[in-house]
Amino acid sequence: MKFTRRANANWKGTGMEGKGTISTQSTTLDNAQLSFKTRFDQGVGTNPEELIAAAHSGCFTMQLSFLLSEAGFVPEDLDTTAKVTFEDGTITLIALELTGKVPGISEEDFQKTAQKAKEICPISKLLNTEITLAVTLN
């Protein structure tokens, strides 16, 4: 399977006082605000690190669902939080925190499957940073 997705960013002005927008092909983001405050403070809008966290948590969780299904398990609930740490101009860490409810799976098998999902998730493979994973099975 091969496909291409696209997004667009537009910026006007300086890095500190300027402002921009981000839009996605699906229009889920449609001229979403981007500014110094949305990235480095608590302004209304989005930022690259938040979008990486969203992409990584979504990709990892979907990958895990596929692996569990291949192993004969049907997850009732998989919830992943991705925390992206930006430090001195570099993304230094992405911490994935997974909580899952998967009937019939052992703690050990769930841990192993989650670890494999982290390793083979396309977004994990793309990122050049430390990625940690904390797993809780309910």
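These legends go with a set of close-up views of a predicted model.

The model is predicted, so local features need pLDDT of at least 70 and side-chain atom pairs count only at pLDDT 80 or more, while totals for chains, interfaces and linings use all residues. Residues are numbered from 1 along each chain as its sequence is written, and side-chain values use heavy atoms, with hydrogens and water left out.

View 1. Strand β1 covers residues 7-12 and strand β2 covers residues 19-24; strands here are DSSP runs of E with at least two residues, helices are runs of H or I with at least four, and both are numbered from the N terminus. The two strands pair in the antiparallel sense over six bridges, where pairing takes at least two DSSP bridges between the strands. Look for N8, whose bridge partner in β2 is S23. Six residues sit between the strands of this hairpin, and G13 takes a positive phi near 100°. Zero of the six β1 residues are buried, so β1 lies largely in the open. Buried means under 20% relative accessible area, exposed means over 50%, and partly exposed is whatever falls in between (1.4 Å probe, protein chains only).

View 2. β4 and β5 run antiparallel, joined by 11 bridges, with L78 bridging to G100 in β5. On the parallel side, eight bridges link β5 (residues 90-101) to β6; A95 has T132 as its bridge partner in β6, and T99 stands opposite T136.

View 3. Contact means heavy atoms within 4.5 Å.

**View 4. Along α2.** With 23 residues, α2 reaches 33 Å from its first C-alpha to its last, close to the 33 Å expected at 1.5 Å a residue; the expected span is 1.5 Å times one less than the number of residues. At the start of α2, a side-chain oxygen of N47 comes to within 3.2 Å of the backbone nitrogen of E49. Just after the helix, G72 takes a positive phi of about 90°. Buried residues of α2 include A53, H56, F60, L64 and L67. An α-helix has 3.6 residues a turn, so residues three or four places apart point the same way. The buried residues of α2 pack against α1 (36-40), β4, β5, α3, α4 (122-126) and β6.

View 5. C59 counts as buried because its relative accessibility is 19%, and C121 counts as buried at 0%. The disulfide count comes to zero, a disulfide being a pair of cysteine sulfur atoms within 2.5 Å.

Definitions and conventions
Polar contact = N/O pair within 3.5 Å; in protein donor to acceptor, adjacent residues only side chain to side chain.
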